[in-house]
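Here are a few exercises on helix packing and charged pairs, each with a worked solution. Have the model open beside you and try each task before reading on.

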Amino acid sequence: IENGLSFFRSTFLSELPKVYAGLEQALGGLERIPPFLRMGSWIGGDRDGNPFVTAEALETAMRRHSIVAFEHYLFEVHHLGAELSMSSRLVKPTAKLLALAAHSNDVSAHRQDEPYRQALIGVYARLAATMTALTGASPVRRAEVSLPAYENAAAFRADLDTIAESLRSHAAARLAEGRLDQLRYAVDIFGFHLASIDLRQNSDVHETVVAEFLAKSAVCADYLALDEDGRQRVLLGALADPRSLYVASEAYSEQAQGELAIFRAAAGINARFGEGAIPHAIISKAQSVSDLLEVALLLKETGSLPV
């Protein structure tokens, strides 16, 4: 996990936003480039043949991913505060920017005529609170004010857009380029999760686990003995049934508990970080429709697939 993250710190976090910004400028700067290129990883989610990839490992991987993203955002926001020092005596920001500055609760006498710095003080504080809420970690440079966390990365991006739009409103468009523009693209690319993590497991494991759940819930005594058509009928029936297959009073194998924990952890991560955090469940050696339905059933069991 840490080896993989080293490439984000040294390359991807700084260089990918430059690629997008360069494309936007090459196309005349008429509109934002949609985030067609994002980062993904299997480290911490690929458990096919690796018993050390557990629910705890998946949680650790996403937490470390998120911390690296927040560290980058906090660094950039802090330095934006140093760059955007314009006084309201010399420029006229938009009403939205002034409202953002007012909501920062920054009472420093040194910044009362510096609305951009005030706004960024608030953005930094909300980012710091979000980092702590999602990861349990705190930034090295503490926030100067206390504000609630962002609900999602889009809310953070909206505040950056407010700053960029205000700069462009008073002939300071060039100041909206560079660091600020690249930070906005970084949020589009990396969100609060940095890179998506793919789950991966062998279909043999899925079918064994599903067979155990079906047997202990008295839905199908011997799922593994069924032919493909029989398996599909059982799985489709279980998927259509709103009831859970998991029986709390039953004792399950370590393998079944581990797989259930992985899918539960994935559901929790997507709820906190957004659905882009863990978008895929890859099935090694998938050969049939039942191989797909088995994973769908595990997703249903853990709340990732609506009934």
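**Exercise 1. Find where Glu 15 and Lys 18 lie, and how many residues apart they are.**

Step 1. Both Glu 15 and Lys 18 sit in helix H1 (residues 2-26), three residues apart, or about one turn of the helix. Helices here are DSSP runs (H or I, at least four residues), numbered from the N terminus.

Step 2. Glu 15 and Lys 18 form a salt bridge, with the closest N and O atoms 3.5 Å apart. The term asks for a side-chain nitrogen of Lys or Arg within 4 Å of a carboxyl oxygen of Asp or Glu.

Step 3. Glu 15 is partly exposed at 35% relative accessible area, and Lys 18 is partly exposed at 40%. The classes are buried under 20%, exposed over 50% and partly exposed in between (1.4 Å probe, protein chains only).

A note on the source: this is a predicted model, in which local features need pLDDT of at least 70 and side-chain atom pairs count only at pLDDT 80 or more, while totals for chains, interfaces and linings use all residues. Residues are numbered from 1 along each chain as its sequence is written, and side-chain values use heavy atoms, leaving out hydrogens and water.

**Exercise 2. Which parts does the salt bridge of Glu 59 and Arg 272 tie together?**

Step 1. The N to O distance between these two side chains, Glu 59 and Arg 272, is 3.0 Å.

Step 2. Glu 59 belongs to helix H2 (residues 55-83) and Arg 272 to helix H10 (residues 254-273), so the pair ties together parts 213 residues apart in sequence.

Step 3. Glu 59 is partly exposed, at 28%, and Arg 272 is partly exposed too, at 37%.

**Exercise 3. How do the axes of helix H4 and helix H5 cross?**

Step 1. The axes of H4 (residues 115-135) and H5 (residues 153-169) come within 11 Å and cross at roughly 170 degrees. Axes are lines fitted to C-alpha atoms over the stretch in contact, with angles from 0 to 180 degrees between N-to-C directions.

Step 2. H4 is therefore roughly antiparallel to H5, a label for angles over 145 degrees.

Step 3. Among the residues that meet are Leu 120 and Val 123 in H4, and Phe 156 and Ile 163 in H5; contact means heavy atoms within 4.5 Å.

**Exercise 4. How many salt bridges does a search of the whole structure find?**

Step 1. The search finds 25 salt bridges.

Step 2. Glu 24, Arg 32, Arg 157, Asp 161, Asp 181, Arg 184 and Asp 188 are linked in a network of them.

Technical notes
Helix = DSSP H or I, 4+ residues; strand = E, 2+ residues; numbered from the N terminus. Parallel < 35°, antiparallel > 145°, perpendicular 65-115°, else oblique.
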